[in-house]
Amino acid sequence: MRIELNVNGAVHELEVEPRTTLLDCLRDQLALTGAHAGCEHGVCGACTVLFDGVAVRACLMFAVQAQGTPITTIEGVTPGPGELSPIQDAFCETHGMQCGYCTPAMILVAHALLANNPDPTREDIVEAISGNICRCTGYAQIVEAFALAAERLRGANRPSELRK
Amino acid sequence: MSENPDHFRFVSTDRRVREDRRFVVGKGNFVADIDVANTRHVALVTCPYPAAAIKSIDKSAALAMPGVHYVLDGRELAEATLPLMTGLDTPNVPRRPLALDVARYAGEWVAAVVADTRALAEDAAETVKVVYEKLPFVLDAEQALQAGSVLVHEAHGSNVLLDKTFVWGAVDKDFADSPRHLSLRVKWGRSSTVPIETFGVVASWDPWREILDVWASIQMPRYADQIGIALKIPVSSVRVHYDVDVGGSYGVKRGIKHTVLVGYLTRRLGFPVRLIEDRLENMRGGDAHGPERLFNVDVAFDDSGVIRSMKMRALENVGAYAGRSPFQLGKPVGAIVGPYKIQSVQYRAMAVVTNKTTQEAVRGFGQSPTNVAIERTIDEVAHTLGLDPIEVRRRNMIRHEEFPYTIPSGTTYDSGDYHTVIDKVLAHTSYEDLKKERDRLRSAGKLAGIGIAACLEPSGGNAMFEALINPKITTTTFMDSCRITVDGLGSITATMHTTSSGQGHETLVSTVIGEVLQVNPDSIRVTRPDSLNSLPSGTPVGSRMAIMLGGAAFHAANKLKTKLTAIATHDLGIPLERAIYANGEVYDRNAPQDRRTWADLVQIAHRNFHRMPSDMEPGLAVSHVMQVPTGGKLPTADGRVQMYPCTSFEFHLILVTIDPDLGTPEIVCYRIGHDCGTVINPKIVRGMTMGGIAHGIGAALYEEFAYDGEGQLMAQSFMDYLLPSSHEVPPVEIIHHVTPSPNTVLGQKGSGESGYLGAPAAVANAINDALRPLGISTNTLPIKVSVLGDMIAAARANKGH
């Protein structure tokens, strides 16, 4: 069937099977391979994308269900070739990853959290990523990346003389 | 060397990890991202029974579906390929990608369907009609050992793959001479590393060039060799692409059966074929389970808690076929006494087959279960004597001045300062205060316990356990390599020759070369040539890459530095002794203004042969193939062997509470003292340790591939196989110590298994300390909430609560 998807600000007309998941559609038809298949049953969170700004699992949604709602993938939050967003840079600073497989999802969760909560506590961060499994890091450096990104983003919104 | 040696410019400094940039933007090159034109997809038909004869396979309905290209069965594949390499001398236990005549565990692959899309292949797989005749089965290792047991492989004549007893030292005499003995039975449940990326492989055969291209999510020694052997093609016809990013492995990404399957299919069908496991395939038929091990430990000790001798029997339930599992009983021989001065050891290593999923290598290669057995025993010795468990450990530990120290099984530990590490942890966190907190929690109605574990991480991965377990294997080297070239304009490119799964090897190589050449590591390109263009690599197993790849990079860089210096001295017309290499330049010690810059030296080497020393090759290309330090000798006849070159040390001190009504454990304090010698990149080592602890908490409390009595795997999804989330992993404080290794180029040791090697033991000890007031204990891991809750309820009922 024919659908229209609004992904990273661009509208795509696509032919999909009704059973095609949003994840498979993004990866196979739009070549947006930053969203990863981990469990394909909604537990690990590696397939996370932003659905109207909310972090959701692309493996648990059919592509047809995503019509009419803006979708943002990791490719959509990367500022430009060779550039990193403050959140992406914070993950590099703390080394909030190892193999990199869960990383795009974690970064999108950070975008979703920090958009609504610029000054999250450790508990807020732990809760936000509790649906995203990382098998490499034990989460510590991911939590630190969230906190560092939040701190920098808060600073970025203040006049320079008030920044730390 | 001190903790932050001032003679290091880049090593041990808090530098970013260069691999991270591609991962944070979603541009990792994972196998499922690789888009080879015209690729067709595989789905698998699996056996629903733990043991069954395959009477017939009807492929007609599947083959009639549009878009379905082929259905491969085990008979065709077995006729065209050789069984997979196991390393054991057990020819009647062949392991193949698809079952041949008999399937031996629920989920074993019986046929493979090839179609235009994965979804179509799955649809078609459901229409393949297999007629089975159910056969009797055995699941339990001790039952499999008994005479008259069901045989998993009839032709082998028993279920025993390995039964080897080693005696190192005067065990009987030491037991007879010791006033006290203690026995303990410890069970390590079947779990694994379960990476978030499943295993995947794409293979493409070019019949005109006679090249099999392979892209895979692999972490496996001799991968290309094993493909070539099984498919009966020269290894020079196998091109494994090492620039594939592996989405987590921790030992287990060993999809050789998947690779032989798609390798055969692409050769048979003439188009590229891809198999990416779904989670069910990964957990059930992907052959990626880890150890399931039963220990019987006996120790002989005196009234002061000094342990003189130990007898350990380890019985491994390897599943239906021999993966790397039996060898995982061999590696712990290199640290069989842990950090302790136990004088004599009897070790019986037994591996039996059962009707469960096949095992592969798991982080630590069998060492973490063994460490649990040792550390649980030490705690029980302390408890029996009414002594403090830390004090008992101190009394038994090898002292700093006793290194290098040779343990009864023949391995010499390189260096260590165990007592100081413990002192540093206790200086950071008062043991007395922690005990007071435990007692306060207890008086507030909680169950609370302190967990201690002092464990070793043998590192520098050598394959000596192979020759130890199977004397027909005579391999005494396990190489790694690095090549460095400087191009005609002066840029440096270095190579590594394996895939990585998050260990930051590109950062390792560039940091070490930058250190030696005194140039910015960020300016050094690191590439991964394919297997046809590679030097030997033992791959990242056995916590070896800092030592082996780091060592190879160090030696190659020094060769380059030597060549640059020789060119400069020749061109300057000065004797070598007067030449000083600094920051990529060479100058005359007596006349520092007389120098050859990096650009000068590149110019001479690449273009001015007339200015080169007469016996020197032009250009700037060097390589180094490194032998494992301390390696090179076969085991002795009585099974003494130098296993790995280095031993890292970790001391865990934790406080755990258990909700007395629900049985829910919570780790409320976690401290670890960690000594892996010189740290090359602190961010990486910290991450490894934290991740290892999280993984160890999972193995201790949550993760198990449980089977029901009918031989069905009960943990087939992440709803049943519980991976620790951010809620289950507590904040951890790491207290660092650096005892450099004398066996490595920078004093470094391994850290890839750190945390995991002690966390399960610490958690098990903490739980048992918490349960002690109730008069109960448990030595079966994982210690699940449900079991804990029931045990506590029963104990309280008995006590009349």
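Visitor: How far apart do the C-alpha centres of domain 2 of chain B and domain 3 of chain B lie?
Guide: They lie 37 Å apart, with domain bounds coming from an automatic or database domain assignment. This is a predicted model, where local features need pLDDT of at least 70 and side-chain atom pairs count only at pLDDT 80 or more, while totals for chains, interfaces and linings use all residues. Residues are numbered from 1 along each chain as its sequence is written, and chains are lettered from A and ligands numbered from 1 in the order in which they are written.

Visitor: Where are those domains in chain B?
Guide: Domain 2 covers 34-135 + 197-247 + 254-285, and domain 3 covers 293-464 + 634-798. Domain 1 is 20-27 + 479-626.

Visitor: How many residues of domain 2 of chain B are in contact with domain 3 of chain B?
Guide: 19 residues of domain 2 of chain B are in contact with 21 residues of domain 3 of chain B, contact being C-beta atoms, placed from the backbone, within 7 Å.

Visitor: Now the two chains: how many residues does the contact take from each?
Guide: The contact takes 40 residues from chain A and 40 residues from chain B.

Visitor: And which helix gives the most to the side of chain A that touches chain B?
Guide: That is α3(A), with four residues; helices are DSSP runs (H or I, at least four residues), numbered from the N terminus.

Visitor: What is B:Val113 in contact with, leaving aside its neighbours within four places in sequence?
Guide: Its contacts include B:Val42, B:Ala62, B:Ala121 and B:Val128.

Notes: Helix = DSSP H or I, 4+ residues; strand = E, 2+ residues; numbered from the N terminus.
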